[in-house]
Amino acid sequence: MSVEVKVNSTVISLVKGDITLEETDAIVNAANSRLAGGGGVDGAIHRAGGPGIMEECRKIGGCSTGSAVITTGGRLKARHVIHAVGPVYRDGNHGEPEALKGAYRRSLELTVENGLKTVAFPSISTGAYGYPIAEAARVALKTVIEFVRGRKELELVRFVLFSEGDFNRYREVLEEISGKNA
Ligand code: AR6
């Protein structure tokens with residue numbers, strides 16, 4: 001199950017799967033601001049990558065909501081993990097879209113700043129943090145499309161969606177915004 005579009009020189013792809021198995025240069029974690037680990041994709045990444053990642057997170061100490069930090073990938077196939085902190089969703093009027101956008105944008109900046117070419121994202125904030133999936137997909141995809149327009153460092157930005165429902169929501173939003181008013 002996969003869909004892709006090309007924007008400038010970057011392929012944006014959607015797949016259904018488990019992000020811990022990705023072989024991109026970096027995978028993004030949906031972390032919390034204490035970088036303390038937890039459930040969901042965060043738990044899965046730390047389990048698969050081993051304790052070295054948490055040790056690095058402790059040294060970094062934390063990360064504000066709407067931003068991201070980078071560590072190595074431990075035992076993962078991906079060489080780096082970018083820990084992005086999305087917002088807890090309240091009603092959409094408490095800065096949630098701006099914070100979600102910031103989490104994606106800073107992750108993309110870190111990818112480029114570290115000379116990496118390929119990165120995979122989960123659907124940040126749409127699990128424990130309760131962000132409605134279609135709204136989150138719109139912010140995520142628009143932020144990525146806006147970022148890769150007019151630059152050529154990134155070869156691949158992939159979204160790894162954990163359920164068929166999430167994959168379908170992202171696909172619908174991508175079809176709607178790619179190429180026109182993104
Ligand atoms: N691969 C890809 N996506 C996954 C995987 C996986 N292996 N496992 C879960 N997902 P969540 P959040 C999806 O709750 O909403 C944690 O405790 C999941 O189905 O992981 O940003 C952190 O420590 C959902 O669609 O992240 C924070 O405290 C998406 O990943 C808090 O939860 C995000 O769900 C962050 O909450």
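The side chain of Asn32 places an N or O atom 2.8 Å from an oxygen atom of the ligand; a polar contact here is a pair of N or O atoms within 3.5 Å. This is a predicted model, where local features need pLDDT of at least 70 and side-chain atom pairs count only at pLDDT 80 or more, while totals for chains, interfaces and linings use all residues. Residues are numbered from 1 along each chain as its sequence is written, and side-chain values use heavy atoms, with hydrogens and water left out.

The backbone takes part too: a polar backbone atom of Tyr129 is 3.0 Å from an oxygen atom of the ligand, and for Gly37 a backbone N or O atom lies 3.5 Å from a ligand oxygen. On its own the ligand exposes 710 Å², of which the protein buries 88% (accessible areas by the Shrake-Rupley method with a 1.4 Å probe).

Now to the wider shell. There are 22 residues around the ligand, and Asn32, Asp42, Ser125, Gly127 and Ala128 come nearest (near means a heavy atom within 4 Å). By class, the shell has nine nonpolar, ten polar and three charged residues, with Asp, Glu, Lys and Arg counted as charged, Ala, Val, Leu, Ile, Met, Phe, Trp, Tyr, Cys and Pro as nonpolar, and the others, Gly among them, as polar. Helix H1, residues 40–49, gives the most to this shell, with four residues (helices are DSSP runs of H or I, at least four residues).

Terms used:
A polar contact is a pair of N or O atoms within 3.5 Å; within protein, one must be able to donate a hydrogen and the other to accept it, and residues adjacent in sequence count only if both atoms are side-chain atoms. Helices (H or I, at least four residues) and strands (E, at least two) are DSSP runs, numbered from the N terminus.
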